[in-house]
Amino acid sequence: MRVFNIGIIGYGGFGKFLHNAWVALENVQVVAIADKNAGMLSPPIGVKVFTAWAELLLEKDIEAVAIVTEPATHVEIALACMQAGKHVLIEKPLAISLADAEKIMQTRDQTGMVAGIDFIMRFNPLLQTIQGFTQQGVFGKLRRVDVENYAQDEQLPPEHWFWYPERSGGILVEHAVHFIDLVHFFAPAKILKVNGLKHNRNLQQEDQVMANVLYEGGLIATHYHAFSRPGFFEATLIKLAYDLADIELMGWIPLGGTLKALVNPQTKEALLASPFFELTEATAIENASDESRPKGWGISLNTEIGDRKTLRSGDIAYEVNEIVSGKFQMLRSKPEVYADGVRASLLDVLKKIENPEHPLLASLETGLESLKVAIRASDSARQTA
Ligand SMILES: NC(=O)c1ccc[n+]([C@@H]2O[C@H](COP(=O)([O-])OP(=O)(O)OC[C@H]3O[C@@H](n4cnc5c(N)ncnc54)[C@H](O)[C@@H]3O)[C@@H](O)[C@H]2O)c1
């Protein structure tokens with residue numbers, strides 16, 4: 001891949017993190033940054049600095065721009081970038097309204113620029129592995145996703161833009177879109193119903209939110225997010241319930257998790273082929289105990305456990321012969337995986353600039369789908385508040 005000159009608009013917490021991560025890419029040069037508080041920044045030598053982002057767009061050698069400002073500003077900046085002939089990587093959320101998101105997509109189509117959204121979870125190798133298993137049906141049908149996320153608010157004083165829905169979109173739009181998109185990545189399906197709940201700490205700050213989503217085919221996802229903890233106590237748990245497996249992933253940049261699954265020789269082989277999976281226990285199904293009905297129960301449809309190689313779940317029959325337990329683990333640190341994710345996300349956009357046939361892993365369409373859910377849940381939460 002050739003070398004690309006990149007500009008970053010918005011050089012706060014995350015803009016700087018992106019820059020630090022991208023320094024390691026030999027085919028990427030961040031040549032300019034723009035931030036309304038440019039006077040406060042100390043950028044590396046050789047990087048041009050602008051206070052007005054429109055001036056960065058006049059730099060002819062910049063091919064692509066990362067938009068890393070607060071969410072309500074994404075639409076104006078994204079439109080101007082693409083109209084100035086710059087490809088874009090837009091931070092999540094794509095925008096804070098569906099109308100703005102659609103404007104961004106129309107401008108992409110009219111200008112022919114490449115535009116991606118920075119959904120870094122799609123670039124996490126462990127999540128990619130689980131997505132692959134899900135798509136191949138290794139665990140049977142995915143029926144339930146439950147996200148429990150307790151985030152810190154120590155770095156978010158009451159005046160921060162995050163607490164103003166007209167600037168951030170609110171927690172479901174600003175933050176939950178990552179996890180909503182993860183569900184769409186694992187098991188894309190038509191959205192049928194959405195509802196939400198919220199709690200306000202005071203008139204301004206919504207600090208706990210929840211969304212329930214029903215998808216065609218029966219998958220129900222729940223997203224709970226609270227921003228009311230010290231950083232030391234941040235916790236995220238993503239539970240996936242399939243017909244043949246329970247998976248629990250830990251952390252919002254998951255590095256590992258646990259699995260209990262019913263397998264057959266083919267699905268076991270697929271699992272064991274993953275470098276991230278370690279088997280800790282395997283029991284032949286005829287030796288495993290099924291305690292859903294205690295001994296002595298009057299009528300049971302299954303006479304002998306030994307006959308139970310074909311199991312039914314919902315209306316689906318599965319051939320299985322073992323129950324296995326194990327753990328998923330990437331032997332890497334969270335900062336490494338996070339930085340690799342933002343590198344892969346930018347490289348995906350650059351690959352598409354070089355080769356228009358390259359399919360973007362995080363397209364604007366994915367940004368729109370997750371935004372639809374987040375906005376419907378937020379509207380529902382505010383109506384029922
Ligand atoms: N993908 C991820 O994992 C991830 C993580 C954190 C943040 N984000 C996203 O990144 C974006 C920025 O978040 P952040 O935490 O860095 O916020 P931040 O407040 O730390 O930084 C935003 C920066 O943008 C600048 N800015 C705002 N409006 C501007 C304008 N009109 N012109 C020029 N500069 C402007 C601000 O001065 C600030 O320096 C948000 O969309 C957020 O959701 C994504």
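Ser274 is buried, with a relative accessible area of 7%. This serine lies in the loop between α8 (265–272) and β14 (277–284) of a predicted model. The protein contains 10 helices and 17 strands, and 51% of its 385 residues are buried.

**Ser274 and its surroundings**
- Leaving aside residues up to four places away in sequence, Ser274 touches Thr129 and Phe133.
- Ser274 counts as buried because its relative accessible area of 7% falls under the 20% limit.
- Between Ser274 and Ile90 there are 184 residues of sequence separation and a C-alpha to C-alpha distance of 32 Å.

**Overall dimensions and surface**
- The radius of gyration is 23 Å, which agrees with the value near 21 Å that a compact globule of 385 residues would have.
- Taken along the principal axes, the C-alpha atoms fill a box of roughly 75 × 50 × 40 Å.
- The accessible surface amounts to about 18,100 Å², and carbon and sulfur atoms account for 53% of it.
- Of the contacts between residues at least 6 apart in sequence, 71% join residues at least 24 apart.
- There are 36 positive and 47 negative side chains, and the centres of these two sets lie 2 Å apart.

**Helix α3 and its flanks**
- Helix α3 (residues 74–83) is largely enclosed by the rest of the structure, because 8 of its 10 residues are buried.
- The buried positions of α3 are His74, Val75, Ile77, Ala78, Leu79, Ala80, Cys81 and Met82.
- These buried residues pack against β1 (4–9), α2 (53–56), β4 (64–67), β5, α4 and β6 (115–117).
- Thr73 belongs to the loop between β4 and α3; with a relative accessibility of 26%, this threonine counts as partly exposed.
- Thr73 and Ser228 are separated by 155 residues in sequence and by 26 Å in space, C-alpha to C-alpha.
- Gly85, which follows α3, has a positive phi near 85 degrees.

**A cis peptide bond**
- The peptide bond joining Lys92 and Pro93 is cis, with omega at about -10 degrees.
- Pro93 is located in the loop between β5 (87–90) and α4 (98–111).
- As background, most peptide bonds are trans, and most residues other than glycine have a negative phi.

**Strand β17 and its partners**
- Strand β17 (residues 322–329) presents a covered face made up of Glu322, Val324, Gly326 and Phe328.
- The uncovered face of β17 carries Ile323, Ser325, Lys327 and Gln329.
- Strand β13 (residues 256–263) pairs with β17 in the antiparallel sense over 8 bridges, and Leu262 has Ile323 of β17 as its bridge partner.
- Strand β14 also runs antiparallel to β17, to which 7 bridges join it; here Glu281 has Ser325 of β17 as its bridge partner.

**The β15–β16 hairpin**
- Strands β15 (residues 310–313) and β16 (residues 316–319) run antiparallel and are joined by 4 bridges.
- The bridge partner of Thr310 is Glu319 in β16.
- The hairpin has 2 residues between its strands, and Gly314 takes a positive phi near 60 degrees.

Terms used
Residues are numbered from 1 along each chain as its sequence is written. This is a predicted model: local features need pLDDT of at least 70, side-chain atom pairs count only at pLDDT 80 or more; totals for chains, interfaces and linings use all residues. Side-chain values use heavy atoms; hydrogens and water are left out. Two strands pair if DSSP finds at least two bridges between them. The radius of gyration is taken over C-alpha atoms; the globule rule is 2.2 Å times the number of residues to the power 0.38. Buried means under 20% relative accessible area, exposed over 50%, partly exposed in between (1.4 Å probe, protein chains only). Contact means heavy atoms within 4.5 Å. Accessible areas come from the Shrake-Rupley method with a 1.4 Å probe; for residues, only the protein chains shown count as cover. Lys and Arg count as positive and Asp and Glu as negative; His and the chain ends are not counted. The place of a charge is taken as NZ of Lys, CZ of Arg, CG of Asp or CD of Glu.
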